[in-house]
Amino acid sequence: MAKKSIAPVRTITGAVELPGDKSISHRYAILAALAEGTSEIQHFSTAEDCHCTLECLRRLGVAIETENGRVRITGAGLGGLRRPRRALDAGNSGTTLRLLAGVLSGQPFESMISGDDSLRRRPMRRVIEPLTRMGASIRARDEQFAPLEIRGGPLQPIEYTLPVPSAQVKSAILLAGLYADGVTSVVEPVRTRDHTELALAEFGARVERIDQTIRIHGCAGGGPGIPRLEARRLVVPGDISSAVFFLAAALLLPASNLLLHNVGLNPTRTAVLDVLASMGAPISLVSVHGSSGELVGDIVAHYGPLDGGVISGTMVAQLIDELPMLVALGPYTERGIEIRDAQELRVKESDRIAALAENLRRMGAQVEERPDGLRVAGRSSGGSGAALRGAEIDPHGDHRIAMAFAIAALAAEGESIIRDADCAAVSFPDFFSTLDRLLER
Ligand code: S3P
């Protein structure tokens, strides 16, 4: 399926099982690979990104079996990874590349890690700098892009304040911190997703948060009192960043009624629900419970008019992956949506600010693009009739752009075409078939 045609629909109803959370799946896989014993991870993400992490771990000598969404990983132990014979391929996945850069920095061998064209354009100095300070030697193309050639070795602990709010950078340092001789601290002035900290604790590492500082005790050298990681049985919650596309469809389409099962509700990921609720969205949570340090629950969503508003400041980091969908809802809101302080969106799988502006304009929206965000006019500043018209969408190879516009197109006037729709598989291979099953025309 290269192109996918999206016709307007009447409504969306039913129950949805989301793929396992992509961020959590990467972390469980990496920590299971470094643990002792065999871990079993249920509801592991089907995303291509997470498949890349598993492939990289296999190349590092880790035994992995997959069967019906269940992954069994026999860990090599912290000191047991093997020098890969070829370069590791992180595909489109920034999380794979940056988190593994942290692990590779602690290994007594040299390795190379790279990815696809998009990943090779994304900024890596943000991990190179702290990992080099810890003692790794890292060569990069133009000193800032993948491929990264990493010569690991004994690491020293550092105290590092994140210059950009990034869970991937924080995680790379914490994972390297496992190999350091002492306590490594990461200070995050803006809170980011904390799955690494929670997963490290689950696998038995000594990790603690005090205000904005996360401290990890290194396991270098082993010995009495030095923690080791232990295999675990874990279940990955559904991915809230994938759930958002269905929530948006429910909000847009009259008479809709959706139940999203077992969605991860970690408070560092639910800002999108708060924003939608503040815009008037009728969303409710049920059966919320804990699972291996994470929160999980069901989300119920119905049709409801959205007011719109401004998203800026520290909130941006907490809903960075949900911004494409929120922005694409802009023309359907009363007052429109404005995003500020989101320059990070320019260095994601695509330049998401440019891709959103370009495709919204193709659909007839009024958009003002800015260096750090954009403003999308709402219904109150447009005429009567549908907020958007069908158009040919270019997702620029970016899964979240493809899915956001597939949803926006459901309520537009006329048919839309999503080019290169297969790119949705980067996070959600069954996105279009799940959507088709729920739509009523
Ligand atoms: C992720 C962190 C975020 C997010 C990405 C997944 C993670 O990236 O955009 O999709 O799993 O840690 P940054 O750390 O670059 O903000």
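Biologist: Is Asn68 to be read as buried or exposed, and what is its relative accessible area?

Modeller: Residues are called buried under 20% relative accessible area, exposed over 50% and partly exposed in between, with a 1.4 Å probe and protein chains only. Asn68 has a relative accessible area of 77% and therefore counts as exposed. Before going on, note that this is a predicted model, in which local features need pLDDT of at least 70 and side-chain atom pairs count only at pLDDT 80 or more, whereas totals for chains, interfaces and linings use all residues. Residues are numbered from 1 along each chain as its sequence is written, and side-chain values use heavy atoms, with hydrogens and water left out.

Biologist: How many bridges join strand E4 to strand E5?

Modeller: Strands of a sheet pair through backbone hydrogen bonds, either parallel or antiparallel, and here two strands are said to pair if DSSP finds at least two bridges between them. Strand E4 (residues 63-67) and strand E5 (residues 70-74) run antiparallel and are joined by 5 bridges, with Glu67 standing opposite Arg70 in E5.

Biologist: What is the place of Asp420, which also has a positive phi?

Modeller: Asp420 is in the loop between E23 and H13, and its phi is about 50 degrees although it is not a glycine. At 37% relative accessibility, Asp420 counts as partly exposed. Ala425 lies in the loop between strand E23 (416-418) and helix H13 (431-438) and is buried, with a relative accessible area of 12%. Taking contact as heavy atoms within 4.5 Å, Ala425 touches Ala47 and Glu48, not counting residues up to four places away in sequence.

Biologist: Why is E11 described as largely enclosed by the rest of the structure?

Modeller: E11 is largely enclosed because 4 of its 5 residues are buried. Strand E10 (residues 159-161) runs parallel to E11 and is joined to it by 3 bridges, and the bridge partner of Glu159 in E11 is Ser185. Between the two, the chain passes from E10 through helix H5 (residues 167-177) to E11 in a right-handed β-α-β crossover; right-handed here says that, with the strands pointing away from the viewer, the path from the first strand over the helix to the second runs clockwise. E11 also pairs with strand E13 (residues 213-217), in the antiparallel sense over 5 bridges, where Thr184 stands opposite Ile216 in E13.

Biologist: Which residues surround the ligand?

Modeller: A residue is near a molecule if one of its heavy atoms lies within 4 Å of it. Those surrounding the ligand include Ser23, Arg27, Thr95, Arg98, Arg193 and Ile320. Oxygen atoms of the ligand lie 2.6 Å from a polar side-chain atom of Ser166, 2.7 Å from a polar side-chain atom of Asp321 and 2.7 Å from an N or O atom in the side chain of Lys348. The protein buries 94% of the 390 Å² that the ligand exposes when taken alone, areas that come from the Shrake-Rupley method with a 1.4 Å probe.

Biologist: Which residues of helix H11 are buried?

Modeller: An α-helix has 3.6 residues a turn, so residues three or four places apart point the same way. In helix H11 (residues 352-362), the buried residues include Arg352, Ile353, Leu356, Asn359 and Leu360. Their cover includes helix H10 (323-329), strand E20 (367-370) and helix H12 (399-410). At the start of H11, a side-chain oxygen of Asp351 comes within 3.2 Å of the backbone nitrogen of Ile353.

Terms used. A polar contact is a pair of N or O atoms within 3.5 Å; within protein, one must be able to donate a hydrogen and the other to accept it, and residues adjacent in sequence count only if both atoms are side-chain atoms.
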